[in-house]
Amino acid sequence: MLDALKIQPRTGANAVLLDVRGVTYKAAGRALIDQIDLSLRPGAPTLILGPNGAGKSLLLRLMHGLLTPHSGEILWRGGANSLETRRCQAMVFQDPVMLRRSAKANIVHALKLRGVSRAEREERTMKALATAGLAHLAGSPARRMSGGEQQRLAMARALALEPEIIFLDEPTTSLDPASVKAIESLIKDTRDRGVKIVLVTHDVGQARRLGGEIVFLNKGRITETRPASAFFRKPESRAARQFLAGGIVE
Ligand SMILES: Nc1ncnc2c1ncn2[C@@H]1O[C@H](COP(=O)(O)OP(=O)(O)OP(=O)(O)O)[C@@H](O)[C@H]1O
Ligand SMILES: [Mg+2]
């Protein structure tokens with residue numbers, strides 16, 4: 001199991017990569033993310049669980065610097081999370097958008113935007129496609145690929161950026177079991193290479209399979225943060241217990 005794996009982080013064992021401190025995000029006067037504190041460390045994945053509308057996607061966007069908190073701060077390695085530091089990060093959205101180009105051109109384009117040299121773009125793209133098991137579809141129009149293939153392409157595009165941390169927003173929703181397995185094995189390979197995984201999932205089975213640290217979010221607040229094994233044995237918060245029992249979370 002993951003908890004037993006000796007993962008070698010690229011930085012000091014306990015150095016915080018990303019620190020969320022007292023972050024609140026509001027819309028129409030309502031706190032959608034409410035006073036959140038969360039420290040992301042290298043090593044085991046951080047899995048964000050919670051019901052629909054809990055604020056999981058908002059929290060990922062805030063952490064990746066795509067939204068600005070109304071109060072609190074988000075630090076990357078102790079400094080501001082700027083446009084520059086965001087180059088160390090990658091994100092796969094809940095509904096990834098592909099350009100009307102080939103699978104390969106989609107990745108090449110993302111690398112070009114990051115200022116990667118032409119020679120390196122080609123090499124990294126082919127490597128990422130191969131890792132995602134998509135080398136044979138390199139020339140296929142991305143938007144005509146199946147849902148599972150497009151999700152894998154989105155992962156490949158994010159991995160080609162060689163991030164230190166990758167934010168994944170429900171990358172396996174509505175995929176068949178074989179595609180879920182393919183994406184989970186890609187996530188595990190990525191984790192084993194020392195990339196910090198931050199994954200939002202509804203899939204309790206997936207959270208059990210991937211292990212790591214569980215962050216349970218409900219109504220914009222974290223109700224508990226615990227190792228997966230302890231969380232699944234005995235969740236502490238009422239909201240998490242209701243969620244795991246398949247009931248309606250109040
Ligand atoms: N820009 C916005 N303006 C107003 N409300 C918003 C905005 N973005 C999100 N919300 C609301 O904030 C809440 C949290 O949204 P979010 O997308 O983060 O939920 P989620 O936990 O990712 O849910 P799901 O599991 O359905 O993806 C929802 O009630 C949503 O309607
Ligand atoms: Mg969401």
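The protein chain has eight helices and ten strands, where helices (H or I, at least four residues) and strands (E, at least two) are DSSP runs numbered from the N terminus. The radius of gyration comes out at 18 Å, close to the 18 Å that the globule rule gives for 250 residues, so the chain is as compact as a globular protein of that length. The radius is taken over C-alpha atoms, and the globule rule is 2.2 Å times the number of residues to the power 0.38. This is a predicted model, in which local features need pLDDT of at least 70 and side-chain atom pairs count only at pLDDT 80 or more, while totals for chains, interfaces and linings use all residues; side-chain values use heavy atoms, with hydrogens and water left out. Residues are numbered from 1 along each chain as its sequence is written, and chains are lettered from A and ligands numbered from 1 in the order in which they are written.

As for overall dimensions, the C-alpha atoms fill a box of roughly 50 × 40 × 40 Å along the principal axes. Buried residues make up 51% of the 250 in the chain; here buried means under 20% relative accessible area, exposed means over 50%, and partly exposed is in between (1.4 Å probe, protein chains only). Of the contacts with a separation of 6 or more, 66% are between residues 24 or more positions apart, a contact being heavy atoms within 4.5 Å. The chain exposes about 12000 Å², with carbon and sulfur atoms supplying 50% of that area. Accessible areas come from the Shrake-Rupley method with a 1.4 Å probe, and for residues only the protein chains shown count as cover. On the charge side, the mean positions of the 38 positive and 24 negative charges are 3 Å apart. Lys and Arg count as positive and Asp and Glu as negative, leaving out His and the chain ends, and each charge is placed at NZ of Lys, CZ of Arg, CG of Asp or CD of Glu.

Next comes the metal site. The magnesium ion (ligand 2) has Ser57 (OG) and Gln94 (OE1) as its protein donors, at 2.1 to 2.6 Å. Serine 57 lies in helix α1 (residues 56-63) and glutamine 94 in the loop between β6 (89-92) and α2 (103-113), so the pair ties together parts that are 37 residues apart in sequence. Donors are N, O and S atoms within 2.8 Å of the metal (3.2 Å for Na, K and Ca), and water is not among the atoms, so sites may look incomplete. Serine 57 is partly exposed at 22% relative accessible area, and glutamine 94 is partly exposed at 34%.

Helix α1 also holds leucine 59, which is buried with a relative accessible area of 0%. Beyond residues up to four places away in sequence, leucine 59 touches Ile33, Ile36, Leu38, Ile48 and Leu217. Glutamate 123 is 94 residues from leucine 217 along the chain, and their C-alpha atoms are separated by 39 Å.

Histidine 202 sits in the loop between β8 (196-200) and α6 (204-210) and is partly exposed, with a relative accessible area of 31%. Leaving aside neighbours within four places in sequence, histidine 202 is in contact with Gly50, Pro51, Asn52, Lys56, Glu170 and Phe243. A C-alpha separation of 14 Å is found between histidine 202 and alanine 239, 37 residues apart along the chain. Leucine 210 belongs to helix α6 and is buried at 2%; its C-alpha atom lies 7.8 Å from that of glutamate 184, 26 residues away along the chain.

Most residues other than glycine have a negative phi. Glutamine 35, though not a glycine, has a positive phi of about 55° and is found in strand β2 (residues 30-40). Glutamate 162, also not a glycine, has a positive phi of about 50°. This glutamate is placed in the loop between α4 (147-160) and β7 (165-169), and at 41% relative accessibility glutamate 162 counts as partly exposed.
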